[in-house]
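Please open the model in your viewer and keep the sequence panel beside it. The tour moves from the whole chain to a single side chain.

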Amino acid sequence: MKRDMGLMRKILLRIEERSDVPPRVLTLEDFFDIKVDAYVISLHIDLLCDAGLIEVMNTSVEDGLKDFDITRLTLAGYEYLDAVRNIKVWSRVKKTIDFVGGATLDIIKQMAVKELSKELGLG
C-alpha cells in the first residue's frame, strides 16, 4: 500500500479539531468518515505515530485491525500541520510531490514552509 500524505494531513487536522480541554482520546472510529477502509486509516495513524507527530497511549489489535488511543499532537505534529494547513499551500506542494512521485515528511514540510512564506510575503 502506498502512503497517502493527504490522508495523513486529514488525520492530523481531525486530531487538532477534536482536541478538547480536558483532552479527549480519539480512536480509529473517529476517522471512519475520512476514508472507508479502516485498515488504511490504521496504517496511516501508525505512520504518524512512528514519525513522532502524534502521541498514542494504548494500542490494541482485533481481527488484524490495529486501534489506537490517540491523546494529542506532538510539537512536531503541530509544526508539520502548521506548514501544510493552508489549502492553497497544500495544493501546490501536493501537485509537486505527485509530479515527482513522492517525498519524505521533512521535504514536504520544507516545501510547505517555503510556500507559506510566499503566502505571507516573506519569500
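Begin by selecting the charged side chains of the protein chain, of which 18 are positive and 21 negative, with the centres of the two sets 10 Å apart; Lys and Arg count as positive and Asp and Glu as negative, while His and the chain ends are not counted, and each charge is placed at NZ of Lys, CZ of Arg, CG of Asp or CD of Glu.

Two points on provenance apply here. This is a predicted model, in which local features need pLDDT of at least 70 and side-chain atom pairs count only at pLDDT 80 or more, whereas totals for chains, interfaces and linings use all residues. Residues are numbered from 1 along each chain as its sequence is written, and side-chain values use heavy atoms, with hydrogens and water left out.

Next, switch to a cartoon view, where the protein chain shows 5 helices and 2 strands, in the order α-α-β-β-α-α-α from the N terminus; these are DSSP runs numbered from the N terminus, helices being H or I of at least four residues and strands E of at least two. Along the principal axes, the C-alpha atoms fill a box of roughly 45 × 35 × 25 Å.

Now select arginine 14, which sits in helix 1 (residues 5-17). Its relative accessibility is 10%, so arginine 14 counts as buried (under 20% relative accessible area, with a 1.4 Å probe and protein chains only). Finally, leaving aside neighbours within four places in sequence, select the residues in contact with arginine 14, namely Leu26, Asp30, Phe31, Asp33 and Ile34, contact meaning heavy atoms within 4.5 Å.

Note on methods. Buried means under 20% relative accessible area, exposed over 50%, partly exposed in between (1.4 Å probe, protein chains only).
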